Amino acid sequence: MVLHLKRFLVLILLCLAPMAHADVQRLQTLHELRSEGYTAGTYLLIDNNLFERVREPGNREEYNRALATMSQLLQQLGNPSELTTPFANFQLLIRELEALGDEEAHYNLATVNRIMQAHGAFDAAAASAYEAAAADMPEDLLALHKQSLETSQILMLYQNNMFSSVGVYFLENQEGLFDILDASILARSAELKGIYPDQSETFSRLDKQYEFIQPRLKNPLSDWVPTIAAFYLQRNVQTLNNMARDVARSGA
């Protein structure tokens, strides 16, 4: 009787293991969906910056790549309407802006503002889905996600800062927001080094890249380098996402 009970419990655990792994994978997909949303928003802001009159094709290519990836990730999630509807609105407004002539689009900041509002609505929906999926998930994976997300947020806040008529919709806009995000990123970096001691070289590299951009983040008007900031901080985001992907793939 006891032997049969033990076998039954083992079977239950074997059945639950794939379900738990699927939950972790879903959480990772939701995180990457938000991450790509910030990439799309960041490069759209760079592409429409009034201080850079020459449009670099790479900026439009990058935000369109992010949008295509978001579409794929939504398919993996089963295209839930609570996410696909705000995503469709976000993408539709971007296409509306692209349809304008270069000169007209360059000065159509009202449309850029609407796009950023749409991104904020999409990110809020994705954040809600992520929070629901994050219950009882491993803290080490959540820490990687949070570091990646806040790096994306401080980067997009930096790009947004040069648009006086474009609001901040992806975070509660409060005094000292740069400093709050900066302090959180620095503190979590130390935390992650303790969680992943075998990855100390990787985190040291991330620190150096962040520290190179950090003074510019806090004083954007004195040294405005939108593409350089995106280059370095997006590298950090990609590294953190790759690490999180490996953790999720192993079942966390």
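So, which residues are exposed on the other side of H3? Before I get there, a word on the model: it's predicted, so local features need pLDDT of at least 70 and side-chain atom pairs 80 or more, while totals for chains, interfaces and linings use all residues. Residues are numbered from 1 along each chain as its sequence is written, and side-chain values use heavy atoms, with hydrogens and water left out.

Okay, H3. Helices here are DSSP runs of H or I, at least four residues, numbered from the N terminus. Leu83, Pro86, Phe87, Phe90, Leu93, Ile94 and Leu97 are buried in H3, meaning under 20% relative accessible area with a 1.4 Å probe, protein chains only. They sit on the same side of H3, because they cover an arc of only 125° around the axis, taken from the directions from the helix axis to the C-beta atoms. And the answer: Ser81, Thr85 and Leu92 are the exposed ones on the other side, where exposed is over 50%.

Now the second largest cavity, at about 30 Å³. A cavity is a set of points on a 1 Å grid over the protein atoms alone where a 1.4 Å probe fits but cannot get out, and lining residues have an atom within 4 Å of a point. Volume is the space filled by probe spheres set on the points, which are joined across faces, edges and corners. H3 gives the most to this lining, with three residues; H1 (2–47) and H2 (57–76) each supply at least two.

Note on methods:
1 Å grid on protein atoms, 1.4 Å probe; cavity = no way out; pocket = protein on both sides within 12 Å on 5 of 7 lines; lining within 4 Å.
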